[in-house]
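Subject: Structure for you to look over

Hi,

Here is the structure I promised. Please open it alongside this email, and my notes follow below.

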Amino acid sequence: MRLCEGFSRLTPSVLIFDQSGSLVDSWGDANTVPATIHGCVADRENNVWVTGSEDGILQKYTHAGKLVMQIGKRGVVDTADGTGKSAPLNASRTQLFYPSGLDIDPGNGDLYVADGYGNRRVVVFDREGHFLRQWGRQGTKEEAQAGAAGAFAQIVHCIALGSAGRVYVCDRQGDRIQVFDKMGHFERNIWIRTGTSTL
């Protein structure tokens, strides 16, 4: 198992450690990787995928740090004017808006992206970076607390695929994890209630 983490512009952008905690590799140019790396995962071929919560891209690197694929254009996000100051469109098939995390289907290599600090959606691309589908929308705190499917209270913060083919999506301000199948059909909520009273 390899772990990776994004750091500041003064260090290599990605550090890779083995299970004992020893540094095995480091690479990445801060002018190339996504701004503020937030999501990082390795696939079965040992490639490293990263997203940035202050950018509109997803990138694939070899384990040695060679950029081999990019979805989106660096510094451009999914809004009418391409800047982070405009309202999210939640619609582009080629551009993201501050994605927070990603996971990879080990069976076919599809990419599941929590496009989540700007947009409010899950986007799925195939292993070559072609858009397949999306689901989710901006919701209210009240909708989230009522359990509304696919309505995210604010940030779609993380995403993980389970071994049974479920997609677990963190609705941070909604105090829940929404569970979907791989096609985006809602199955249930896992509630993570905060602020419970004490005796």
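Let me begin with the charged groups. Arg-121 and Asp-115 are both buried. They form a salt bridge, with their closest N and O atoms 2.8 Å apart. Please keep in mind that this is a predicted model.

Arg-121 also meets Asp-78 in a salt bridge, at 3.7 Å from N to O. Asp-78 and Arg-121 are both buried.

A further salt bridge pairs Lys-141 with Asp-175, again with closest N and O atoms 3.7 Å apart. Lys-141 belongs to helix α1 (residues 141–145), and Asp-175 to the loop between β15 (166–171) and β16, so this pair ties together parts 34 residues apart in sequence. Are its two ends buried or exposed? Lys-141 has a relative accessible area of 32%, so it is partly exposed. Asp-175 comes out at 14% relative accessibility, so it counts as buried. As for the contacts around Arg-121, salt bridges with shared partners join Asp-78, Asp-115 and Arg-121 into one network. Over the whole structure, the search finds nine salt bridges.

Now the aromatics. The structure holds five aromatic pairs. One of them joins Trp-27 and Tyr-61: the ring centres are 4.9 Å apart and the planes stand at 40°, so the pair is tilted. Trp-27 lies in strand β3 (residues 23–27) and Tyr-61 in strand β6 (residues 58–61), so the pair ties together parts 34 residues apart in sequence. Trp-27 and Tyr-61 are both buried.

Trp-135 and Phe-180 make another tilted pair, 5.4 Å from centre to centre and with 50° between the planes. Here strand β11 (residues 131–135) supplies Trp-135 and strand β16 (residues 176–181) supplies Phe-180, so parts 45 residues apart in sequence are tied together. Trp-135 is buried, and Phe-180 is too. Phe-186 joins in as well: ring pairs link Trp-135, Phe-180 and Phe-186 into a cluster.

- β6 runs antiparallel to strand β7 (residues 67–71), and four bridges join the two. Leu-58 has Ile-71 in β7 as its bridge partner. β6 and β7 form a hairpin with five residues between them, and Gly-65 in the turn has a positive phi of about 100°.
- β16 pairs with strand β17 (residues 186–191) in the antiparallel sense, over five bridges. The bridge partner of Gln-178 is Asn-189 in β17. Four residues lie between the strands of this hairpin, where Gly-184 takes a positive phi near 95°.

On the charged side, go to the network of Asp-78, Asp-115 and Arg-121. On the aromatic side, go to the cluster of Trp-135, Phe-180 and Phe-186.

Best wishes

Definitions and conventions: Residues are numbered from 1 along each chain as its sequence is written. This is a predicted model: local features need pLDDT of at least 70, side-chain atom pairs count only at pLDDT 80 or more; totals for chains, interfaces and linings use all residues. Side-chain values use heavy atoms; hydrogens and water are left out. Rings of Phe, Tyr and Trp (its six-membered ring) pair if their centres lie within 6.5 Å; planes under 30 degrees apart count as stacked, over 60 as edge-to-face and the rest as tilted. Buried means under 20% relative accessible area, exposed over 50%, partly exposed in between (1.4 Å probe, protein chains only). Two strands pair if DSSP finds at least two bridges between them. A salt bridge is a side-chain nitrogen of Lys or Arg within 4 Å of a carboxyl oxygen of Asp or Glu.
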